[in-house]
Amino acid sequence: MLTYDSTSRMVQTRRWNIHTNQAGPADAPAVILLHGSGPGATGWSNFQHNIPALAERYRVIAADMPGWGESDPVTWQDRDHPTALADLMDALELDKASIIGNSMGGGTTIRFGYEHPERVTKLVTMGSSNGAPALFGPGGLTEGLKILQKGYRQPTFDTMRELVDVMTFDGSFATDELIQGRADMVAAHPEHNKNFIDGIGKRAIVELDHAKVATIQAPTLLFHGRDDRVVHFENSLRLVQLIPDAALVLINRCGHWLQIEHADTFNRMILEFLGRD
């Protein structure tokens, strides 16, 4: 049985120490999992329900991006997730990998797809934005992003409960164990919160160039929850229009954490997609 501790590996890259959770055969094709933002977010918290299924066939690496989890802190000025991903692949001696990203990690996945096309096999996103302006509506930030920012400024257990609740359609996923895990990670690394707060309103975490998005050649599978209160599903509708070889799966009664709420469906479709020639 895979656990956080049994899969935990620290990787020294050229710029940062990056914490990972790794599983699966070392000689199998690589799949890298990129988590979303939010206080206490980690690769394991986002993908613990998916890693075991993927690890039966693939070498799975769930990374904590610099500025999250147990990875090195980073200021907003120095935050560069596509470069961090390239450095991680270099340190692990991976020429290519399939990249799977949730929310913020989805943006990194898309950007990496056009900045390093030679290093990607396939791309998968869940609840990804198509660029910073799309996260704002007539009322400003989405409901989910307002609570996310509140979580950074007031990382109490009650705020973490609000955060987990807004990320899902079904409130039963907001378990005390999940909430406490996020709260504990925030408490262990207050520098991450400070750096994130310092960067609010300064620069998007991941910016996307739509002209370059349209150049992506890798097969791409986009997932989105119909009831996502953090990043509206219209973001993925725009991405599927831009990427030539892309398909979109829209799931009803599903929030921002599709890979958690609909883990069995997600795992089955991902394995079928990755295994397709």
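**Loops, salt bridges and a helix pair**

Analyst: Met65 lies in the loop between strand 4 (59-63) and helix 4. The model is a predicted one.

User: Is Met65 buried or exposed?

Analyst: The cut-off for buried is a relative accessible area under 20%. Met65 has a relative accessibility of 2%. Met65 therefore counts as buried.

User: Which residues is Met65 in contact with, leaving aside its neighbours within four places in sequence?

Analyst: Contact here means heavy atoms within 4.5 Å. With neighbours within four places in sequence left aside, the contacts of Met65 are Leu34, His35, Ser71, His81 and Ala84.

User: How many Å apart in space are Met65 and Trp16, C-alpha to C-alpha?

Analyst: In sequence, Met65 and Trp16 are separated by 49 residues. In space, their C-alpha to C-alpha distance is 9.5 Å.

User: Where is Pro73, and what is its relative accessible area?

Analyst: Pro73 is placed in the loop between strand 4 and helix 4. Pro73 counts as partly exposed, and its relative accessible area is 41%.

User: Which residues is Pro73 in contact with, again leaving aside neighbours within four places in sequence?

Analyst: Pro73 and Val186 are 113 residues apart in sequence and 12 Å apart in space, C-alpha to C-alpha. Leaving aside neighbours within four places in sequence, Pro73 is in contact with Gly67, Glu191, His192 and Asn195.

User: Which side chain meets Asp90 in a salt bridge?

Analyst: Side chains of opposite charge can pair when their charged atoms come close. For Asp90 the N to O distance in the salt bridge is 2.8 Å. The pair links helix 4 (residues 81-91), which holds Asp90, with the loop between strand 1 (8-12) and strand 2 (17-23), 76 residues apart. The partner in that loop is Arg14.

User: In the salt bridge of Arg15 and Asp87, which residue is buried?

Analyst: The side chains of Arg15 and Asp87 meet at 2.5 Å, N to O. The pair links distant parts of the chain, with Arg15 in the loop between strand 1 and strand 2 and Asp87 in helix 4. Arg15 is partly exposed at 47% relative accessible area. At 1% relative accessibility, the buried residue is Asp87.

User: Which residues are linked with Arg14 and Arg15 in a network of salt bridges?

Analyst: The structure holds 11 salt bridges. Among them are Asp90 with Arg14 and Arg15 with Asp87. The network links Arg14 and Arg15 with Asp87, Asp90 and Arg119.

User: What is the distance between the closest N and O atoms of Arg229 and Glu143?

Analyst: Arg229 sits in the loop between strand 9 (220-225) and helix 11 (234-242), while Glu143 belongs to helix 6, 86 residues apart. Arg229 is partly exposed at 30% relative accessible area, and Glu143 is partly exposed at 40%. Their salt bridge has its closest N and O atoms at 3.2 Å.

User: Are helix 6 and helix 7 roughly parallel or roughly antiparallel to each other?

Analyst: Helix 6 (residues 143-153) and helix 7 (residues 157-167) pack at an angle of about 155 degrees, their axes 9 Å apart. Angles over 145 degrees count as roughly antiparallel. The two helices are therefore roughly antiparallel.

User: How do the residues of the contact of helix 6 with helix 7 divide, and what is the handedness of the crossing?

Analyst: Helix 6 contributes residues including Glu143, Ile147 and Leu148, and helix 7 contributes residues including Met160, Leu163 and Val166. The contact residues divide into six nonpolar, three polar and three charged. The crossing of helix 6 and helix 7 is left-handed.

Notes:
Residues are numbered from 1 along each chain as its sequence is written. This is a predicted model: local features need pLDDT of at least 70, side-chain atom pairs count only at pLDDT 80 or more; totals for chains, interfaces and linings use all residues. Side-chain values use heavy atoms; hydrogens and water are left out. Axes are lines fitted to C-alpha atoms, for helices over the stretch in contact, and angles run from 0 to 180 degrees between N-to-C directions. Helices (H or I, at least four residues) and strands (E, at least two) are DSSP runs, numbered from the N terminus. Angles under 35 degrees count as roughly parallel, over 145 as roughly antiparallel, 65 to 115 as roughly perpendicular and the rest as oblique. A crossing is left-handed if the near helix is turned anticlockwise from the far one by less than a right angle, and right-handed if clockwise. Ala, Val, Leu, Ile, Met, Phe, Trp, Tyr, Cys and Pro count as nonpolar, Asp, Glu, Lys and Arg as charged, and the others, Gly among them, as polar. A salt bridge is a side-chain nitrogen of Lys or Arg within 4 Å of a carboxyl oxygen of Asp or Glu. Buried means under 20% relative accessible area, exposed over 50%, partly exposed in between (1.4 Å probe, protein chains only).
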